[in-house]
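Hi,

Here is the structure I promised to pass on.

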Amino acid sequence: MAGSTSITERADELSDELIEWRRHIHQNPELSFQEQETSSFVEEKLKQIDGIDIETGIAGTGVLATFSNGDGPTIAVRADMDALPIEEQSSQDYRSENDGVMHACGHDAHTAILLGVAQLLGETFNNNEYKGTVKLLFQPAEEVPDEDGRTGSSYVVKDDVLSEADAAFALHMCPWREVGEAQVSDGHSMANIDMFKGKIRGSGGHGAYPQQCQDPIWMLGPAMQALYGIVSRKISPLESGVVTIGKVQGGTSTNVIPTEVEVEGTLRSYSPEVRKFLVDEVEKAFSVVEPLGGEADVEITHGEPALQNDPQVNTWLKQTMQDLYPSFQVYEGPFGLGGEDFSIVTEEMPGAMFFLGCKNSDDKQRNLHTPEFDIDEACLPYGAAILAETALRYLSGDYELEDQNQEVTTSDA
């Protein structure tokens, strides 16, 4: 097997740099498709590594770093770089310097870890120890799609950036697990994401004479009841599904009944069957306004699919964790109904993402996508060593993919 002991020692030696990189990125967060400074920082650090090929402009603002040494297998490792439109609430010296923008999902750590992987692989490839290719993708825009509804992974796949890779893997920060722990899951592990926008139309009128009009706000009541009843009354408790209304908008004055009310929300699911069922039921829920004298239109926007983790790739990651860190605790189970656009990559090739424990030591729960989010930076060397070692073991033949023409059974969690 690849040099397990030495790679953990080398990752530990990188700890100060990993922390420095992560804090720099954290202080300078950039929104989706705007990661110019982050991309430049990544490029600057990669240029210090001998024997690496660097390509910029990936999916707009991404970076692709490639190590290659002769004929052999090809493996890809991915990190996302974008931040969220959240105002950080922190007293840390490295808190965000960009008002209203924050790394509240750990992408700063993901990027720093992948830079660490590049450092570890550079030493190995320069010694000509392995044959094959490793592609390190620093991907933009995981969080928010552009005006065409595309996130970074969509462009990565569209542009065949990783088409030569046999498989791909990634990690994600996990604030509900301690440092030295990880969570893995086979099959569907994060959600299908769909958005709905419904419009309920009536006739509107004077607030003093509701009997003279068709009130869309009154009709909204039964429509919302129908929407919230979909999961609790029409989906088996053994299935995963969420219908959430996030926006209701209508009216301009206290004494005017509006002609229209707009409702927007999100749908989350794991299986394709539940995904389709939710869409159908949302359309039916808005139709309840018709007997009440109203009309309704529903627009569904499909986001990324559920993250499908390949059991083979997960087995590699778990084996690496256990070999490098014998006391490492690995938990099995889906990650929740959040979305992750790495799912677009794993639709194209075998791949998996694991969640790396990063729970902060102050005992305060710092959840993803919150103004208080932060991590215990002791997790950074763990992530770099696990990702680098797994890639090297694939090149060395310690890990192999089964014949993809054979059916591989997965669990749909």
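Leaving aside residues up to four places away in sequence, Phe354 touches Ala170, Leu171, His172, Ala182, Gln183, Val184, Leu317, Met321, Phe335, Ile386 and Leu387. Keep in mind that this is a predicted model.

Phe354 also belongs to the largest nonpolar core, which has 68 residues. Along with Leu46, Leu136, Phe138 and Met173, Phe354 is listed among the residues with the most contacts inside that core. Which helix gives the most to this core? That would be α10 (residues 379-396), with 11 residues.

Next, a helix pair. The axes of α2 (residues 15-27) and α4 (residues 107-126) come within 8 Å and cross at roughly 145°, and the crossing is right-handed. On the α2 side, the contact is made by Leu18, Trp21, Arg22, Ile25 and His26. From α4 come Asp108, Ala109, Thr111, Ala112, Ile113, Leu115, Gly116 and Gln119. Sorted by class, that contact has 7 nonpolar, 4 polar and 2 charged residues.

Then there is α7 (residues 272-286). This helix has 15 residues and reaches 22 Å from its first C-alpha to its last, close to the 21 Å expected at 1.5 Å a residue. What covers them?

Most residues other than glycine have a negative phi. Ala59 is not a glycine, yet has a positive phi of about 55°. You'll find Ala59 in the loop between β1 (53-58) and β2 (62-69). Asn128 also has a positive phi, near 55°, and sits in the loop between α4 and β4 (132-139).

Cheers

Conventions: Residues are numbered from 1 along each chain as its sequence is written. This is a predicted model: local features need pLDDT of at least 70, side-chain atom pairs count only at pLDDT 80 or more; totals for chains, interfaces and linings use all residues. Side-chain values use heavy atoms; hydrogens and water are left out. A nonpolar core is a set of buried Ala, Val, Leu, Ile, Met, Phe, Trp, Tyr and Cys residues joined through side-chain atoms within 4.5 Å. Buried means under 20% relative accessible area, exposed over 50%, partly exposed in between (1.4 Å probe, protein chains only). Helices (H or I, at least four residues) and strands (E, at least two) are DSSP runs, numbered from the N terminus. Contact means heavy atoms within 4.5 Å. Axes are lines fitted to C-alpha atoms, for helices over the stretch in contact, and angles run from 0 to 180 degrees between N-to-C directions. A crossing is left-handed if the near helix is turned anticlockwise from the far one by less than a right angle, and right-handed if clockwise. Ala, Val, Leu, Ile, Met, Phe, Trp, Tyr, Cys and Pro count as nonpolar, Asp, Glu, Lys and Arg as charged, and the others, Gly among them, as polar. The expected span of a helix is 1.5 Å times one less than its number of residues.
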